[in-house]
Amino acid sequence: MTAVRVPGAPIISDGRLVSTSPATGAEVGRLPVAAGDDITRAVARAREAAGWWAGLGFTGRRQRLLRWRGVLARRIEELAELMHAEGGKPVPDAIVEVLTAIEHIDWAARNAGRVLRPRRVRSRLILAEFTGHLEYQPYGVVGVIGPWNYPVFTPVGSAAYALAAGNTVVLKPSEYTPVVGQWLVDSLAEVVPEQPVLTAVHGLGDVGAALCRSGVDKLAFTGSTATAKKVMAACAETLTPVLLEAGGKDAMIVDSDADLDAAAEACVWGGLTNAGQTCIGIERVYAVEPVFDAFVGKVVERAGRLTVGADGADIGPITMPGQLDVIRRHIDDALARGGRAVLGGADAVQPPYVRPTILVDVPEDSLAVREETFGPTLTINRVRDAEEAVTRANALPYGLGGSVFGRRRAVAIARRLRSGMAAVNSTLTFAGMSTLPFGGVGESGFGRIHGEDGLREFGRPKAVTRRRARSLLPAMTFERTPADVARLVKVTKLLYGRRR
């Protein structure tokens with residue numbers, strides 16, 4: 001048996017993926033690595049199951065998904081403990097993550113029929129004798145490549161909506177959290193034993209690449225921007241449509257009329273929860289001159305109280321060992337360029353942990369400002385006014401989420417952020433609201449999960465027209481006469497030609 005060299009780093013041993021705790025190195029589980037034929041067979045089984053699953057209709061799928069919701073609710077502590085063991089996430093944070101996933105399963109199951117059912121669409125002048133009908137048909141098999149930082153919430157955000165829309169799903173969990181991914185698959189199988197509507201394939205990046213080329217009908221990916229580009233390139237070979245939720249470097253703006261206590265509390269949560277390993281986490285803060293010093297003081301006071309450790313702490317270990325070097329490099333670069341650490345600093349990286357670090361006066365061209373850090377660090381910079389804050393916030397190619405604290409102008413500022421989502425006087429809250437779409441722009445990806453848009457993302461729109469009467473103004477036929485064309489011209493001018 002191959003010895004585990006780095007706690008938390010996945011290894012392959014005897015054809016199995018071995019998952020270990022990033023905090024202790026203890027083995028959490030081992031799962032068979034999927035070879036090319038295994039992935040092909042998994043997709044084929046999912047395709048066979050897709051007909052049965054779609055045939056259940058919205059009511060049948062709703063009943064089964066609500067049963068799955070019930071399993072997660074009854075065993076929430078069990079799943080949270082597994083997430084803690086495998087990824088290092090503090091148990092309270094894991095419970096909140098599972099709770100959010102439960103909410104999304106519930107909403108998708110209850111609303112898929114309303115959003116996706118066939119419906120009549122009004123026709124217009126040129127085809128007044130026809131009725132229009134629109135429905136959203138399942139793609140068939142959806143591939144989902146999930147991340148390690150939110151191994152339940154994020155894949156469920158795609159899988160539950162895809163399932164509710166009538167698709168089956170093949171999930172490739174992150175190699176850092178495969179046991180959690182398999183738990184999700186097994187728990188659904190308990191309430192849907194008839195067919196493999198949710199299956200998993202395990203392994204390293206090559207397994208994800210093979211899933212992209214496996215013949216799935218759509219692929220949903222969550223991960224880094226660099227990997228998202230590779231996924232898109234692989235799917236482009238077969239014109240497989242993709243949904244990409246990629247990296248982020250979300251900014252928070254603190255205006256002069258903000259509630260500073262509330263802003264500081266939300267900033268610490270939004271930036272440091274899950275050890276900062278959050279795609280929509282706050283990594284950059286811009287506070288206007290009049291409130292800058294007071295705000296920084298409140299953030300430092302709150303962040304300084306957080307505990308770091310394996311069990312019972314506020315901040316757990318860095319799940320992916322290689323990220324420690326990125327975090328260290330960003331901190332060192334910020335300090336070398338004239339930034340100041342008002343909490344933490346150069347010695348904050350103590351593998352497998354990173355202590356909370358607050359950096360101020362960091363140049364905008366530094367790594368800590370421009371690149372995704374994915375650690376419990378924050379840069380807080382002073383700006384003249386909200387206008388400058390918006391300009392700086394929008395200066396990066398990322399555009400996932402963001403946050404604004406203030407009263408009079410906060411909503412207007414939030415609308416100007418180049419992002420798929422924004423929170424006013426809170427952070428991260430748009431992720432938990434199942435009625436809202438979730439996704440980014442620019443190098444943060446495209447497509448949406450959650451909400452009505454998330455359901456439609458997993459349904460292929462099908463348009464149908466049907467003649468209901470004789471054509472009074474025949475247009476789309478070679479049988480039209482010069483008189484018919486004249487009437488078309490006359491009616492067009494009458495209805496649309498008026499000057500306004």
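This is a predicted model: local features need pLDDT of at least 70, side-chain atom pairs count only at pLDDT 80 or more; totals for chains, interfaces and linings use all residues.
Residues are numbered from 1 along each chain as its sequence is written, and side-chain values use heavy atoms, with hydrogens and water left out.

Domain 1 (28-246 + 451-459) and domain 2 (250-439) both contribute residues to the lining of the largest pocket, so this pocket lies between them; the bounds come from an automatic or database domain assignment. By pocket I mean an open set of points, on a 1 Å grid over the protein atoms alone, where a 1.4 Å probe fits, with protein on both sides within 12 Å along at least five of seven lines, and lining residues have an atom within 4 Å of a point.

The largest pocket holds about 790 Å³ of space, the volume being the space filled by probe spheres set on the points, which are joined across faces, edges and corners. It is lined by 38 residues, of which Phe221, Thr222, Gly223, Ser224 and Thr227 are the closest to its centre. The largest share of that lining, 6 residues, comes from α8, helices being DSSP runs of H or I with at least four residues, and strands runs of E with at least two, numbered from the N terminus.

Turning to the second largest pocket, its volume is about 380 Å³, and among its 22 lining residues Val96, Thr100, Tyr150, Leu428 and Ala431 are the closest to its centre. Here α4 gives the largest share, 4 residues.
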